[in-house]
Amino acid sequence: MRDVLNVLAAFVTVAEERSFTKAAKRLDISTSGLSHAIRRLEEQIGVRLLTRTTRSVSPTDAGEQLLAQLRPALADIRGTLTRLSGLQTTPIGRVRLLCPRLAARRVLAPKLGLFARTYPDVTLEVTTDDSRVDLVAEGFDAAIHFGEFIAQDMVAVRVSPDIQHAIVGAPAYFADHPRPTSPQALLEHRCINFRHRGEALYKWELDKGEESVAIAVNGPLVLDDEDLVLQAALDAAGLAIVDGALAAPHVKDGSLIQVLADWMAPFPGFFLYYPQRAQQPAAITAVIETFRLQR
């Protein structure tokens with residue numbers, strides 16, 4: 001009964017029941033404890049709220065004024081708590097999701113329409129950003145990224161199959177440059193660099209069996225958008241390392257040539273992650289289940 005809101009709610013109950021005994025039973029507390037709490041409230045505000053006799057209890061004029069303010073206020077609070085409680089069972093409300101642009105294209109885009117149709121009362125707000133940020137500090141409910149970048153205290157759910165990069169170049173580029181036959185040979189080529197926003201240049205990571213290398217390539221361009229990287233490769237600006245699925249149609253039609261394919265081992269794809277919660281809102285569960293990788 002130390003909490004002010006509880007005491008005010010108790011005052012309303014006493015006024016409605018016109019009895020400390022009945023109000024105490026309704027609130028499941030002792031009559032003496034209830035009487036003491038109301039007395040403390042009257043002392044704190046410096047005015048009598050209830051007139052007490054041996055047979056009845058009734059609000060004073062000041063008590064009636066307080067009741068007129070409290071009843072609608074408490075009804076609003078109860079309504080809000082009921083709606084919030086419904087978030088646990090009914091998918092409703094806003095979910096803020098952070099993900100890289102590649103994940104937005106590969107994971108989100110194919111299912112956004114399905115999500116919107118299935119959960120019309122959920123607003124999914126997506127922010128695409130390739131940099132790695134603290135999702136809690138930035139106010140996001142969940143995020144998508146590669147597993148290696150996800151903190152261990154997060155819950156992670158796989159949302160994409162394995163990803164495999166491809167090193168590609170245009171036929172016009174290879175007309176003037178030999179095809180590389182080893183990772184070290186990339187140092188002799190003009191390569192298109194990629195930089196995540198605010199981070200160092202990406203080193204090209206190549207794996208073959210038990211051997212792994214990271215090559216810091218050189219070239220005329222530093223870009224932060226994979227679509228631009230692909231277009232620059234198509235325009236013979238140099239070699240590029242891109243998502244294999246993105247390059248595949250161009251390799252198939254001959255506008256790009258893939259090299260060092262045996263060094264491009266697949267790696268685990270994207271995971272949706274979020275903080276552990278004792279009570280998971282149904283809207284976030286809806287997002288997880290929609291984008292979860294179906295085996």
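Three strands form an open sheet in the order S12-S7-S13, with antiparallel pairing. Strands here are DSSP runs of E with at least two residues, and helices are runs of H or I with at least four, numbered from the N terminus. Two strands pair if DSSP finds at least two bridges between them. The edge strands are S12 (240-243) and S13 (257-259), and each pairs on one side only. From one strand to the next, the twist averages 50°. Axes are lines fitted to C-alpha atoms, for helices over the stretch in contact, and angles between N-to-C directions run from 0 to 180 degrees.

The model is predicted: local features need pLDDT of at least 70, side-chain atom pairs count only at pLDDT 80 or more, and totals for chains, interfaces and linings use all residues. Residues are numbered from 1 along each chain as its sequence is written, and side-chain values use heavy atoms, with hydrogens and water left out.

Strand S7 (residues 165-169) is joined to S13 by 3 bridges, and the two run antiparallel. Ile 167 has Val 259 in S13 as its bridge partner. Helix H9 (residues 244-253) packs on this sheet and touches S7, S12 and S13. Contact means heavy atoms within 4.5 Å. The direction of H9 makes about 110° with that of S12.

A second open sheet has 5 strands in the order S4-S3-S5-S14-S6, and its pairing is mixed. Strand S4 (122-128) and strand S6 (154-158) stand at the edges with a single partner strand each, so one side of each has no neighbour in the sheet. The twist here averages 25° from one strand to the next. Strand S3 (residues 93-99) and S4 run parallel and are joined by 7 bridges. Val 95 is partnered with Leu 124 in S4. Helix H5 lies across S3, S4, S5 and S14, running at about 120° to S3.

Strand S9 and strand S10 (residues 211-215) are antiparallel, with 5 bridges between them. They form a hairpin with 2 residues between the strands. Gly 209 in the turn has a positive phi of about 65°. Asp 207 has Ser 212 in S10 as its bridge partner.

The largest pocket holds about 810 Å³ of space. On a 1 Å grid over the protein atoms alone, a pocket is an open set of points where a 1.4 Å probe fits, with protein on both sides within 12 Å along at least five of seven lines; lining residues have an atom within 4 Å of a point. Grid points are joined across faces, edges and corners, and a volume is the space filled by probe spheres set on the points. The pocket is lined by 34 residues, and the closest to its centre are Phe 146, His 165, His 196, Tyr 202 and Phe 267. Helix H5 (101-108), strand S5 (142-146), strand S9 (204-208), helix H8 (226-234) and S12 each supply at least two lining residues.

There are 6 aromatic pairs. Rings of Phe, Tyr and Trp (its six-membered ring) pair if their centres lie within 6.5 Å; planes under 30 degrees apart count as stacked, over 60 as edge-to-face and the rest as tilted. Phe 146 and Phe 267 form an edge-to-face pair, 5.6 Å centre to centre with 70° between the planes. Phe 146 lies in strand S5 and Phe 267 in the loop between S13 and strand S14 (270-275), so the pair ties together parts 121 residues apart in sequence.
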